[in-house]
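Good morning, everyone. I would like to take you through one structure today, starting with its pocket and then turning to its salt bridges.

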Amino acid sequence: MIEIVDHPIDVHALVATDASGASGGLVLFLGTVRNRTGGKGVVRLEYEAYGEMARSELETIVAEAKRRFEIDSVDVVHRVGTLGMGEIAVAIAVRAPHRGAAFDACRYTIDTLKETVPIWKKEFFEDGAVWVGDRP
């Protein structure tokens, strides 16, 4: 499952996608909106994405994670739009026969996603806003 959504992420659906029971380990990463960045209070976040390109890049990341690590699956859901404190911006579920590979693949997936996928974050503070990272 690779999705970019404009509504709250259903973590239960993400975790329930493997009904076979073949995997011995499931690592779940949830990236949530925190209330402070660089000592400043965050009011909200806004995410934008280049949908087709983002999905394509996520497919590449998932394929590479499967090639590098002994895992069964990687599911990624990223939210776009306006998010408030504590809301989930990204969810990644990695299933593997053993926990080590699942943890390694999950870290690889989130780190590579943040570096390469065309999803942009704008942080809103009480005194203004700023785009985080590169944005065309």
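What you see is a predicted model, in which local features need pLDDT of at least 70 and side-chain atom pairs count only at pLDDT 80 or more, while totals for chains, interfaces and linings use all residues. Residues are numbered from 1 along each chain as its sequence is written, and side-chain values use heavy atoms, with hydrogens and water left out.

The largest pocket holds about 590 Å³ of space. By pocket I mean an open set of points, on a 1 Å grid over the protein atoms alone, where a 1.4 Å probe fits, with protein on both sides within 12 Å along at least five of seven lines; lining residues have an atom within 4 Å of a point. The volume is the space filled by probe spheres set on the points, which are joined across faces, edges and corners. The lining comprises 25 residues, and those closest to the pocket centre are Tyr 47, Lys 114, Ile 119, Lys 121 and Val 132. Helix H3 (99–116) gives the most to this lining, with five residues, and strands E2, E4, E7 and E8 each supply at least two; helices (H or I, at least four residues) and strands (E, at least two) are DSSP runs, numbered from the N terminus.

Turning to charged pairs, there are six salt bridges in the structure, each being a side-chain nitrogen of Lys or Arg within 4 Å of a carboxyl oxygen of Asp or Glu. One of them joins Asp 127 to Lys 40, with the closest N and O atoms 3.1 Å apart. This pair links distant parts of the chain, since Asp 127 sits in the loop between E8 and strand E9 and Lys 40 in strand E4, 87 residues apart.

Arg 95 is buried, at 3% relative accessible area, and Asp 75 is buried at 6%, whereas Asp 127 is exposed at 61%; buried means under 20%, exposed over 50%, and partly exposed in between, with a 1.4 Å probe and protein chains only.

Finally, Arg 68 pairs with Glu 64 at 2.9 Å between the closest N and O atoms, and Glu 64, Arg 67 and Arg 68 are linked in a network of salt bridges.
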